[in-house]
Amino acid sequence: MKFIIPENKVFYIAVYDIADEKRLPKVLKIFRKYMNWVQNSAFEGELNSKQFHALVNELLGVIKKDQDSIIFYHAEEQKHIGKKVVGIEKNEITKFF
């Protein structure tokens, strides 16, 4: 899998769909090491290229590419992404290390 990743920190939004419930907690644990949980199956956070590569490599060790899906949206700065929440905001921004 090849990605073009800027060297500076980039704001990412990750959404995922994991087919097997046994892999789901492992994927969640990996995401929490790098990004902030915002709601079910969605994380956001700023990562540099080294962090992004580490995250993707860890995820590739757990997911099955023919069954699971992970999508990363990215922007150079968070301010370039508008965000509107309809309903309750499930979680304030937190980071687990």
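## Overall fold

The protein contains 2 helices and 4 strands. The model described here is predicted. Along the sequence, these elements follow the pattern β-α-β-β-α-β.

Of the 97 residues in the protein, 33% are buried. Among contacts with a separation of 6 or more, 74% are accounted for by residues 24 or more positions apart.

Strands of a sheet pair through backbone hydrogen bonds, either parallel or antiparallel. In this protein, 4 strands form an open sheet in the order β2-β3-β1-β4, and the pairing is antiparallel. Strands β2 and β4 (69-75) are the edge strands, each pairing on one side only. From one strand to the next, the twist averages 25 degrees.

Strands β1 and β3 run antiparallel and are joined by 6 bridges. Within this region, Tyr12 stands opposite Gly45 in β3. Helix α1, residues 24-34, packs on the sheet and touches β1, β2, β3 and β4. The direction of helix α1 makes about 170 degrees with that of β1.

## Val15 in strand β1

Val15 lies in strand β1. Is this residue, Val15, buried or partly exposed? Its relative accessibility is 28%, and Val15 therefore counts as partly exposed, since the buried class requires a value under 20% and the exposed class a value over 50%.

Leaving aside residues up to four places away in sequence, Val15 touches Ser41, Ala42, Ser69, Ile70, Ile71 and Tyr73. One of these residues, Ser69, is 54 residues from Val15 in sequence. In space, the C-alpha atoms of Val15 and Ser69 are 8.3 Å apart.

## The largest pocket

Rolling a probe the size of a water molecule over the atoms shows where empty space is left. The largest pocket in this model has a volume of about 340 Å³. It is lined by 18 residues, of which Val38, Glu44, Lys83, Lys84 and Val85 are the closest to its centre. Two or more lining residues are given by each of the elements β1 (10-17), β2 (36-39) and β3 (42-47).

Which element provides the largest share of the lining of the largest pocket? That element is β1, with 3 residues. By residue class, the lining of the largest pocket divides into 9 nonpolar, 4 polar and 5 charged residues.

Methods
Residues are numbered from 1 along each chain as its sequence is written. This is a predicted model: local features need pLDDT of at least 70, side-chain atom pairs count only at pLDDT 80 or more; totals for chains, interfaces and linings use all residues. Side-chain values use heavy atoms; hydrogens and water are left out. On a 1 Å grid over the protein atoms alone, a cavity is a set of points where a 1.4 Å probe fits but cannot get out, and a pocket is an open set with protein on both sides within 12 Å along at least five of seven lines; lining residues have an atom within 4 Å of a point. Grid points are joined across faces, edges and corners, and a volume is the space filled by probe spheres set on the points. Ala, Val, Leu, Ile, Met, Phe, Trp, Tyr, Cys and Pro count as nonpolar, Asp, Glu, Lys and Arg as charged, and the others, Gly among them, as polar. Two strands pair if DSSP finds at least two bridges between them. Axes are lines fitted to C-alpha atoms, for helices over the stretch in contact, and angles run from 0 to 180 degrees between N-to-C directions. Contact means heavy atoms within 4.5 Å. Buried means under 20% relative accessible area, exposed over 50%, partly exposed in between (1.4 Å probe, protein chains only).
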